[in-house]
Amino acid sequence: MKAQPKGSHFIDGRYVDDAAGDPLEVIHPATGEIIARLNAATPAIVEAAIASAKIAQIAWARLRPLERGRVLRRAADLLRARNDEIARIETLDTGKPIQETLVADPASAADALEFLGGIVAGFNGEFVELGGAFGYTRREALGVTVGIGAWNYPIQGAGWKSAPALAMGNAMVFKPSENTPLSALALAEIYIEAGLPPGLFNVVQGFGAVGHALVSHPDVAKVSLTGSVPTGRKVLGLAGSLMKHATMELGGKSPLIVFDDADLENAVSGAMLGNFYSAGQVCSNGTRVFVQENLHDRFVERVTARAKTIRLGDPLDPDTQMGPVINKTQYDKIVGYIDIGRNEGATLACGGGAPKLQGFENGFFIEPTVFAHVRDDMRIAREEIFGPVMAVLSFRGEDEVVTRANDSEFGLSAGVFTRDMARAHRVIGEIKAGSCWINTYNVCPPELPFGGFKQSGIGRENALESLRHFSQVKAVYVETGDVVSPY
Ligand code: NAD
């Protein structure tokens, strides 16, 4: 199984390599097999990527937004045309089942390109009446921007970051996660085919040091990072010290609240999607499932019965519902948390094992795991595990559950299941989180902004918010009469 790209990096419309860069081996998480060998960017590669972006950005920013949007919408169509091929790359790279990547990953990137490419022409400044004089504002590009991706949604991340950047007239240098470097290269090819001038979307590979070099560069105006909170603190600190714009999409430990009047099967479906999709490697997952006490036992029974039917296996098999987690480090971390949960006294309702599947003995598979009778102070209820581990907690009343749900350093997401709509809106109104759902979970269309409160981040992706975050405002005062002067 090979997925070797034509080169490590994509700069100024073509693949480039520099063998002096640190080796970067790409592993298929289901087998441990090396599927591609790349090199991390050297300082010369970083410099070339930023230099070409800087030149290309000037003419791009002068285009009519409608014309920029047209390129993005063409790229969206090309992404959809290459959906199956890119889904396969994504499955090899991430280990996520092909039944997910075929419907979720390139499709979500394409949706963002299509939506932002369409709406950008209507995203304008304001006219301000000043009595005789008037003013107006312009939304201007920032210049060269940097995108740094996480490994769980590689093509989606590349699309969600580059679409608003390019729509607003910026260039972007994108560094994928070192774990999943492949699909961003396919997006770079697609942009060129769609008519994006070379240099506007460059991809450079590498570890944290390359991300650091990109953010530090004096010609870079903004960074948009998806990653963990510790990385976010470092990158935001660096950007702040250099007075650069920054968007941080970080981790979470989000609450999913199920009231006893909820449709049980829908609530169970929501909790399963919010804990087991992508083997639980989703930042917005509802990993603290608060269930009202009358419903608690039936909920645990149903979620357990259904979790046991999830088919683990070869991610390339269309019948597989859950693949491995990304790598040994994450595998060890998740298995460690399952032990912690047991030792803390939570009830292991199902899963907990790390099976060796025939033919995939080196894969990083972990069973869908449900802990019941979890307490708020347990580490499995406080820390982001980023694997297929659900914690079910019982609650009595609305005020109590809102307080407990908000008792977290994170604030990315939240969900509520109830048939009482007044209560649903009231509870969501009280929850300190940026991306919330009522009677569903983890649905992220590009029409809605996405991002976190508190330690979960700063700034937003998607929707008009993302266009704001990839632009700066210029105010212009226009005098129509004489200048009033005391001199
Ligand atoms: P990570 O923080 O290890 O790495 C993220 C990216 O940052 C990688 O590309 C990495 O190379 C780069 N990086 C690391 N150190 C850097 C530095 N000092 N300077 C610049 N770049 C640096 O995160 P990960 O393990 O790839 O992803 C998992 C985390 O991402 C989880 O915490 C998850 O919750 C979070 N996540 C958040 C969202 C969101 O939108 N909020 C989405 C997906 C994942």
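This is a predicted model: local features need pLDDT of at least 70, side-chain atom pairs count only at pLDDT 80 or more; totals for chains, interfaces and linings use all residues.
## The hairpin of β5 and β6

Strand β5, which covers residues 127-130, pairs with strand β6, which covers residues 133-141, in the antiparallel sense, and four bridges join the two. Within this pairing, leucine 130 stands opposite alanine 133 in β6. Two residues lie between the strands of the hairpin, and glycine 131 takes a positive phi near 65° there.

The largest nonpolar core has 69 residues, and the members that touch the most other members are Leu79, Tyr191, Phe201, Val204 and Val223. For tyrosine 191, when residues up to four places away in sequence are not counted, the residues touched are Leu72, Ala75, Leu113, Ser162, Ala163, Leu166, Leu196 and Phe201.

## Two loop residues with positive phi

Most residues other than glycine have a negative phi. Serine 278, although it is not a glycine, has a positive phi of about 55°, and this serine lies in the loop between α9 (264-276) and β13 (288-292). Is serine 278 buried or exposed? Serine 278 counts as buried because its relative accessibility is 1%, and the cut-off for buried is under 20%.

Asparagine 442 is likewise not a glycine, and its phi is positive at about 65°. The loop that holds asparagine 442 runs between β19 (435-438) and β20 (453-454).

Terms used:
Residues are numbered from 1 along each chain as its sequence is written. Side-chain values use heavy atoms; hydrogens and water are left out. Two strands pair if DSSP finds at least two bridges between them. A nonpolar core is a set of buried Ala, Val, Leu, Ile, Met, Phe, Trp, Tyr and Cys residues joined through side-chain atoms within 4.5 Å. Buried means under 20% relative accessible area, exposed over 50%, partly exposed in between (1.4 Å probe, protein chains only). Contact means heavy atoms within 4.5 Å.
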